[in-house]
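This report covers the salt bridges and the sheet of one protein model. The sequence and structure come first, and the text follows.

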Amino acid sequence: MEVLKNYLNNLSYYAIIDLVVIILAAVAVLWFFKRRNNLKMALFVAVYVCAYIGACVASALTSINILFITSQVLRWGGIVLIFCIITTYQQDIKSSITRFARWHDSKDTYDYGNSEDDLRQAVDEIVKGCQTLSKNDTGALIVITPSVVPSHLLETGTMLNAKISDGLLQCIFNTKAPLHDGAIIVKENVILAAGCFLPLSQREDISKELGTRHRAAIGITEESDVLAIVVSEETGIISTVRHGEIKRYMTPEKLSDEIEKAFGIKYSKQKAKKR
């Protein structure tokens, strides 16, 4: 206890800052693996960091560095571990950095001034359009941006700035239309652009039965805070993706709820009673 008191009395601000930095870095790494559903790797990193901090504290509390070899092995092992993580998850790290760098990027800064009724009508049109596309086994990819519109997405497509409707969705995603292969970018009740190309997710845990549209939907939601809606061309299944997490077999009610959340619409009393 006397040794511990002396250590705490001699503890400098630099040591505290050093400890805080290590903890923040560990939290960032754990969050990174949690977002990619790799809990085993997150647990391994957590145990490793705790072991390293424990070895450093044990060495600092004793006059003799009894864990010198252990601390050195953990230190150099940490360097190797960081190198392995960067090599293995380089695409995911790139996506995270891109998302952070572009969080403030907005090419569309106009306020459309839509009322809640206008947004609800847009929700109905999207749901109706997705249902029609699903019945016809027509593939589609719709990206809904809550507020900020990533300019790098708009630049890959054709600007439309057209009010969204079921009929317009059928025209865009018609297999004979020139823009049907890309995604449409929607903000409020306006289709900003169509035929946009999205980054594909490089995750290895994605089911093989999911095609390119689904990978693109997962990829863009890993980079930006958007909602992606996918209509499968092969099965007609409607899926939604947010933050890299996919939900399949969406019913009209569930799809409506997801879009309303993306638009920030509050539930009406009438809808609450139905539930």
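The structure holds nine salt bridges. A salt bridge here is a side-chain nitrogen of Lys or Arg within 4 Å of a carboxyl oxygen of Asp or Glu. The model is predicted: local features need pLDDT of at least 70 and side-chain atom pairs pLDDT 80 or more, whereas totals for chains, interfaces and linings use all residues. Residues are numbered from 1 along each chain as its sequence is written, and side-chain values use heavy atoms, with hydrogens and water left out.

**Salt bridges**

| Lys128 | Glu125 | 4.0 Å |

Helices (H or I, at least four residues) and strands (E, at least two) are DSSP runs, numbered from the N terminus. Arg203 is buried, with a relative accessible area of 10%, and Glu222 is buried at 9%. Buried means under 20% relative accessible area, exposed over 50% and partly exposed in between, with a 1.4 Å probe and protein chains only.

Arg213 counts as buried at 17% relative accessibility, while Glu233 is partly exposed at 37%. Elsewhere, salt bridges that share partners join Glu116, Arg120 and Glu260 into one network.

The pair of Lys128 and Glu125 lies within helix 6 (residues 116–135), where the two are three residues apart, about one turn of the helix. Lys128 is partly exposed because its relative accessibility is 42%; Glu125 is buried, with a relative accessible area of 17%.

Seven strands form an open sheet with mixed pairing, in the order 2-4-3-1-5-6-7. Two strands pair if DSSP finds at least two bridges between them. Strand 2 (158–163) and strand 7 (245–247) are the edge strands, each pairing on one side only. From one strand to the next the twist averages 25°. Axes are lines fitted to C-alpha atoms, for helices over the stretch in contact, and angles run from 0 to 180 degrees between N-to-C directions.

Strand 5 (residues 227–231) pairs with strand 6 (residues 238–242) in the antiparallel sense over four bridges. With strand 1, strand 5 forms an antiparallel pairing over five bridges. Leu227 in strand 5 is the bridge partner of Ile144. Towards strand 6, Val230 stands opposite Ser239, and Val231 has Ile238 as its bridge partner. Six residues separate the strands in the hairpin of strand 5 and strand 6, where Gly236 takes a positive phi near 80°.

How many residues of strand 5 are buried? Five of the five are, so the strand is largely enclosed by the rest of the structure. Both of its faces are covered: Leu227, Ile229 and Val231 are buried on one side, and Ala228 and Val230 on the other.

Helix 9 (residues 212–223) lies across strand 1 (140–144), strand 5, strand 6 and strand 7, and runs at about 175° to strand 5.

Strand 6 and strand 7 pair in the antiparallel sense over three bridges, with Glu245 in strand 7 as the bridge partner of Arg242. The hairpin of strand 6 and strand 7 has two residues between the strands, and His243 there takes a positive phi near 55°.

Note on methods
Contact = heavy atoms within 4.5 Å.
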